[in-house]
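Please look over the model shown here.

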Amino acid sequence: MKNRFTRFIVMFSAAILMSLSTAVGFAATNSAKSVVRATEYGQIEGLVDKDGKSLAWLGVPFAKPPLGTLRWQPPQAPEAWTGVKPTKDYCDACTQVGGMFGPTEKGKLFNTLSQTFFKPVGSEDCLYLNIWRPATAEQKLPVVVWIHGGSNVVGVSYDPEYIGNNLAVNGNLIVVSVAYRLGHLGWFSHPALKTGDALADSGNYALLDLIQSLKFIKNNIANFGGDPGNITIMGQSAGGWNVYALITSPLAAGLFHKAIPLSGGAGGAKPAAAVAKANAVINALLIKDGLASDKASADDYRTAQSNDWIKNYLMSKSAADLMNIQVDLKGGKWGTGSRAFEPGSSTAILWNAVADIEDGTVLPADMMAAIKEGKFNKVPLLAGATAEEGKLFITPACKTDDFTRFGWMVNADPDKPGTFKMSDIIDDTVINPLTEGNYNTWVYNNANKITPGPIISTAVFLGLINNTIKAFYPQVPIYAYDFRWAQQPSPWDVVYGAWHTGDLPFVFGNFNKNLNCFGWSKANEPGRKLLSNAMQKSIAAFARTGDPNNKTLGTKWEPWAAEMMKKMVFDANYKQVKIYMAVY
């Protein structure tokens with residue numbers, strides 16, 4: 001009774017504070033430089049950015065930690081707190097296996113990321129969000145909610161590429177980055193875990209995390225100067241797929257008003273495929289524990305157990321146990337050799353998440369059919385892609401593993417190119433003769449059917465993106481872009497060029513120590529900063545009005561037309577931007 005009374009008092013007090021701050025506009029708790037804000041669960045204190053241009057609240061809880069019996073359950077609202085909670089530092093990444101795409105351990109520099117390679121890192125206690133806004137007194141600002149990518153198995157909301165202060169200031173926006181459960185902890189569907197509750201049984205725990213974060217944002221963002229009636233969701237890669245999932249989820253209706261899916265498409269796994277993946281995870285655990293020796297014996301052992309036994313077995317495992325099967329299944333490590341991470345390998349099966357799940361409750365049973373039938377949350381779309389998406393997925397043609405290549409990239413001096421040649425990175429026994437043209441053809445569509453081929457080609461990726469956009473047309477306003485910047489020092493301009501993720505530093509204006517830092521030379525700085533400014537102003541314009549047109553483009557951004565597939569091209573040379581409309 002006492003706990004319930006305390007919670008009531010806290011929530012009542014927070015509600016009063018929120019009402020007062022809304023009524024007076026810029027009360028003491030909502031002044032231009034104030035970092036104390038009220039939420040419906042209690043007050044939080046953020047910080048002023050070191051340059052004084054932005055305010056930030058880092059590690060804001062939007063759900064209870066999904067620990068213990070809350071593992072593989074829908075997220076629950078956080079507990080209310082008394083006093084003022086400090087929100088000045090990021091919280092732990094969601095549990096995952098470290099690699100090229102993160103996460104850096106909290107508080108450490110990006111160039112220490114290699115210390116987490118092949119290791120289970122992060123925590124199940126990870127459902128927090130980060131908020132940035134300009135250090136002004138302006139209210140009713142548009143809100144952009146960022147959903148990170150990483151195949152739904154890796155990534156972190158505080159990656160150096162995604163820090164939101166630059167976009168918030170340059171776009172005059174509120175920027176929020178959110179976390180969600182990853183891999184086996186975020187999407188997991190098995191009969192042993194069924195309860196009869198449709199949400200709990202959906203297996204879409206991570207997608208429900210994102211919906212919970214949007215509920216928190218809608219209910220609380222006004223007290224940070226944001227407009228709860230103007231929220232844009234934006235995500236890249238798996239984050240882009242999750243944006244499309246939110247668009248098609250009936251549970252997300254009314255929680256956002258515009259969407260920016262980047263390098264992503266719509267679609268999900270069928271429930272049977274999700275169960276098969278869960279069984280593969282259980283089999284791997286059985287093998288790891290010595291209860292089976294191979295798939296056949298693991299199948300026999302697993303099917304002989306009751307659902308209660310399987311549930312207790314799964315719940316007994318630590319988060320690290322669940323991730324370790326990706327790292328060291330019978331002694332092998334993913335990504336440690338140039339051929340280690342290929343489609344169909346045992347490590348790839350355990351690495352790839354089954355997400356999102358077309359369960360019929362959180363998501364329609366057929367997402368693409370629902371889109372074509374108009375059964376989705378109808379909001380304007382701004383869909384982006386890079387011209388060389390497939391250059392992220394070149395492991396089968398690389399002489400080096402991710403660990404070695406990452407070391408070269410993050411420690412490179414962009415102003416002193418020439419340390420490496422293309423032939424140091426790309427295997428000339430795979431692409432022979434190794435020429436720029438042959439390599440680009442191999443990455444684009446492997447027209448010569450070279451074995452091994454790219455994990456996923458640019459043509460396949462762009463096909464998925466364009467087919468998704470076509471399914472929405474003409475039901476909602478659609479704008480699209482093609483990012484073509486490839487001005488990195490040699491040989492990275494050819495090896496990676498306008499690769500998958502290449503547009504993100506431009507979107508956020510973060511040319512710091514991050515995954516793409518090998519490309520930031522002094523020579524290309526004028527052009528790339530102008531390009532970044534144009535992209536940020538376009539995102540800001542779209543977030544405000546649903547139309548990305550603005551004066552920095554220098555030309556009109558025409559809407560998508562299915563018969564012509566119109567896209568705005570974002571490119572630059574060393575000194576100037578090259579922005580123009582193209583038809584595909």
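## A ring cluster

F483, W485, F506, F511 and W520 are linked into a cluster by ring pairs. Rings of Phe, Tyr and Trp (its six-membered ring) pair if their centres lie within 6.5 Å; planes under 30 degrees apart count as stacked, over 60 as edge-to-face and the rest as tilted. F511 also carries a charge: the charged end of R528 sits over its ring, 4.8 Å from the centre. K378 does likewise with F376, its charged end sitting over the ring at 4.7 Å from the centre. A charge sits over a ring if NZ of Lys or CZ of Arg is within 6 Å of the ring centre and within 35 degrees of the ring normal.

## Basis of the model

The model is predicted: local features need pLDDT of at least 70, side-chain atom pairs count only at pLDDT 80 or more, and totals for chains, interfaces and linings use all residues. Residues are numbered from 1 along each chain as its sequence is written, and side-chain values use heavy atoms, with hydrogens and water left out.

## Overall make-up

The chain has 19 helices and 16 strands. Helices (H or I, at least four residues) and strands (E, at least two) are DSSP runs, numbered from the N terminus. The chain has 584 residues, and 57% of them count as buried. Buried means under 20% relative accessible area, exposed over 50%, partly exposed in between (1.4 Å probe, protein chains only).

Take contacts in the chain between residues at least 6 apart in sequence: 75% of them join residues at least 24 apart. Contact means heavy atoms within 4.5 Å.

## Two aromatic pairs

The whole structure holds 31 aromatic pairs. Y41 and F216 form a stacked one, with 6.2 Å centre to centre and 10 degrees between the planes. Y41 lies in the loop between β1 (36-39) and β2 (42-45), and F216 in helix α5 (residues 205-220), so this pair ties together parts 175 residues apart in sequence. Y41 counts as buried at 7% relative accessibility. F216 counts as buried at 4%.

W557 and F570 are edge-to-face, because their ring centres are 5.5 Å apart and their planes stand at 70 degrees. W557 is in the loop between α19 (525-545) and β15 (566-572), and F570 is in strand β15, so the parts tied together are 13 residues apart in sequence. W557 and F570 are buried.

Which residues of helix α13 (residues 402-411) are buried? They are D402, R405, F406, M409 and V410. Seen down the axis of α13, these fall within an arc of 125 degrees, so they line one face of the helix. The arc is that of the directions from the helix axis to the C-beta atoms. An α-helix has 3.6 residues a turn, so residues three or four places apart point the same way. The cover over the buried residues of α13 includes α14 (422-425) and α17 (492-495).

Helix α7 (residues 271-288) packs against helix α8 (residues 295-303) at about 105 degrees, with the axes 9 Å apart. That makes α7 roughly perpendicular to α8. Axes are lines fitted to C-alpha atoms, for helices over the stretch in contact, and angles run from 0 to 180 degrees between N-to-C directions. Angles under 35 degrees count as roughly parallel, over 145 as roughly antiparallel, 65 to 115 as roughly perpendicular and the rest as oblique. On the α7 side, N279, I282, N283, L286 and I287 meet K295, A298, D299, Y301 and R302 of α8.

K566 lies in strand β15. K566 counts as buried at 17% relative accessibility. Leaving out residues up to four places away in sequence, K566 touches A480, E558, P559, W560, A561, M581, A582 and V583. The C-alpha atoms of K566 and D482 are 9.7 Å apart, across 84 residues of chain.

T419 sits in the loop between α13 and α14. T419 is exposed, at 59% relative accessible area. From T419 to P491 is 72 residues in sequence and 9.1 Å in space, C-alpha to C-alpha.

## Backbone exceptions

Most residues other than glycine have a negative phi, and most peptide bonds are trans. The S490 to P491 bond is cis, with omega about 5 degrees. P491 is in the loop between β14 and α17. The bond from Y473 to P474 is cis, with omega near 0 degrees. P474 is in the loop between α16 (458-472) and β14 (478-483).

N152 is not a glycine, yet has a positive phi of about 60 degrees. N152 is in the loop between β9 (141-147) and α2 (165-171), and counts as buried at 4% relative accessibility. N172, not a glycine either, has a positive phi of about 55 degrees. N172 lies in the loop between α2 and β10 (174-178), and is partly exposed at 22% relative accessible area.
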